Amino acid sequence: MGSMKMEDMSLPTLFEQARKINLLAADSAVDKETLRKGCEALQQCEEMISKLGLFSSNETKEDISTTNLKYILVPFYLAELIEKTGDEDRIEILKASQSKLKEFLSFCDAMELVPEDESESFAQGSQNTAVDRRAKKIARFKRQRAAESKLLELKERKERRRRSTRAAALSTPVDVGDDDVLDDDGEEEREAWVTTISLAICKALDLMEMLKKEEEMLSAIKEKQELEGDTEISQVVLEERAKTVEDWHRNAAARARYTKPAAPITCATFAQDVLEGRAKVSQAHDHKHQPLMFGPASLVGGSITSERERIAAQVFQPGHRLPTMSIEEAGLKEMEMMNTWQEKTAKMIEEANSSWHNDKWKPRAGGGDEEDDEDEDDEAAQDKARAFDDWKDENPRGAGNSKLTPCG
């Protein structure tokens with residue numbers, strides 16, 4: 001905290017010192033002396049805020065100046081530091097921290113900074129259902145992520161403006177547009193503090209729930225110890241329990257070294273029989289199962305000896321047709337069909353590679369009646385083609401429509 005006493009420090013200096021301690025405690029562990037100094041600084045800030053009258057009950061967030069917005073966070077920072085102190089009476093620490101969180105949330109609710117659904121939940125306490133609490137927690141987490149992203153964006157924007165201003169100052173000695181820069185900085189600063197308060201509200205609500213559960217658990221343990229007459233758990237009992245757990249883990253590891261895992265069951269019907277006690281894992285199975293029989297358990301489980309029992313067993317039969325084979329049998333049958341198809345395909349490909357169209361055409365050595373018939377067919381076709389060509393020469397295309405034209 002420096003050589004200066006807290007009584008001699010101004011409110012902004014005290015707040016910045018306490019805020020640095022809070023950030024340091026959130027990022028890493030700090031010693032008790034630092035936590036104590038941070039709590040004292042925040043308590044001194046509360047006294048100075050009360051004496052100066054910075055906030056009034058008839059004000060809203062628009063009435064509070066940008067310079068004083070950050071002092072709304074004082075009770076929240078104090079609650080976080082109180083919760084991290086490691087005194088012996090943990091229940092009293094939890095109560096003190098919850099008291100500061102309630103003070104912070106109540107003031108933010110009066111300033112209309114708390115969302116409407118969170119305000120109703122805070123006013124009702126723990127009367128909401130589990131579904132409502134889960135929905136509120138998800139919405140709170142989304143607001144927290146949005147606030148963190150907004151703060152990071154404002155920080156980067158401020159850093160870019162600072163670099164741009166420094167570069168402009170180095171290039172041009174004349175200051176131009178300083179008023180606009182100050183106005184932008186003021187608006188961004190207010191937006192940053194409002195976003196920081198929104199983020200603190202989300203953290204305060206989560207911390208309130210956690211501290212309340214911890215207090216209930218510690219109170220129940222304390223009440224049980226008072227009823228049993230034991231103020232603390234014996235160290236001998238704890239050591240005995242730890243030794244028992246270690247022995248169990250050691251024996252389990254030794255057994256696992258020599259235990260051979262069983263082969264996985266790939267048959268769904270056999271696995272169902274094992275689960276229902278009709279078969280054992282060690283039994284062999286050849287994937288041949290009858291369709292499942294639905295009906296009274298007394299008849300389905302045993303053997304059907306008469307027609308009456310068979311009809312009674314079919315009372316609760318399903319309305320659809322039952323399968324005639326298991327999934328494994330259908331898979332084996334489909335695999336057999338695929339193998340047969342592949343064999344046929346290979347045979348066809350082999351025949352196609354050795355078929356007649358690969359052999360070169362060889363003319364026949366001698367003539368016959370068949371060759372004469374083929375020659376006659378060729379001559380008839382040639383005569384027909386010549387006659388058609390002569391007809392086309394005598395009747396050009398479009399000659400029959402000459403009378404329809406105006407000049408025809």
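1. A crossing of two helices is called left-handed when the near helix is turned anticlockwise from the far one by less than a right angle, and right-handed when it is turned clockwise. By that rule, H1 passes H2 in a left-handed crossing. Helices here are DSSP runs of H or I with at least four residues, strands are runs of E with at least two, and both are numbered from the N terminus.

2. A word on the model before going further. It is a predicted model, in which local features need pLDDT of at least 70 and side-chain atom pairs count only at pLDDT 80 or more, while totals for chains, interfaces and linings use all residues. Residues are numbered from 1 along each chain as its sequence is written, and side-chain values use heavy atoms, with hydrogens and water left out.

3. Now the overall picture. The chain holds 14 helices and zero strands. Of its 408 residues, 21% count as buried, where buried means under 20% relative accessible area, exposed means over 50%, and partly exposed lies in between (1.4 Å probe, protein chains only). Taking contact to mean heavy atoms within 4.5 Å, residues 24 or more positions apart supply 66% of the chain's contacts with a separation of 6 or more.

4. Back to the first pair of helices. Two packed helices are described by the angle between their axes and the distance between the axes. For H1 (residues 11–27) and H2 (residues 32–52), the axes come within 9 Å and cross at roughly 145 degrees. Those axes are lines fitted to C-alpha atoms, for helices over the stretch in contact, and the angles run from 0 to 180 degrees between N-to-C directions. On the H1 side the contact is made by Leu11, Leu14, Phe15, Ala18, Ile21 and Ala25, and on the H2 side the residues include Leu35, Gly38, Ala41, Leu42, Cys45 and Met48. The residues of this contact divide into 13 nonpolar, three polar and one charged; here Ala, Val, Leu, Ile, Met, Phe, Trp, Tyr, Cys and Pro count as nonpolar, Asp, Glu, Lys and Arg as charged, and the others, Gly among them, as polar.

5. Alanine 25 sits in H1 and is buried, at 9% relative accessible area. Leaving aside neighbours within four places in sequence, alanine 25 is in contact with Val30, Leu35, Leu81 and Lys84. From alanine 25 to lysine 84, 59 residues apart in sequence, the C-alpha distance is 8.2 Å. Glycine 38, in H2, is buried with a relative accessible area of 0%. Not counting residues up to four places away in sequence, glycine 38 touches Ala18, Ile21 and Leu81.

6. H2 itself reads well. Its 21 residues should span 30 Å at 1.5 Å a residue, and its end C-alpha atoms are 30 Å apart, which agrees; the expected span of a helix is 1.5 Å times one less than its number of residues. The buried residues of H2 are covered by elements that include H1, H4 (74–84) and H5 (90–110). Just after H2, glycine 53 takes a positive phi of about 65 degrees.

7. H4 is worth a look in the viewer. Ten of its eleven residues are buried, so H4 is largely enclosed by the rest of the structure. Among the buried ones are Pro75, Phe76, Tyr77 and Leu81, along with Glu80 and Glu83.

8. H5 also has 21 residues and reaches 30 Å from its first C-alpha to its last, close to the 30 Å expected at 1.5 Å a residue. Its buried residues include Ile91, Leu94, Lys100, Phe104 and Cys108. Leucine 94 and methionine 210 are 116 residues apart in sequence and 9.9 Å apart in space, C-alpha to C-alpha. Methionine 210 belongs to H8 (residues 178–228) and is partly exposed, at 45% relative accessible area.

9. One backbone angle to check is at glutamate 112. Most residues other than glycine have a negative phi. Glutamate 112 has a positive phi of about 60 degrees although it is not a glycine. This residue lies in the loop between H5 and H6 (116–124) and is exposed, with a relative accessible area of 53%.

10. Lastly, the cysteines. Cysteine 39 is buried at 10% relative accessible area, and cysteine 108 is buried at 0%. With a disulfide taken as a pair of cysteine sulfur atoms within 2.5 Å, the count comes to zero.
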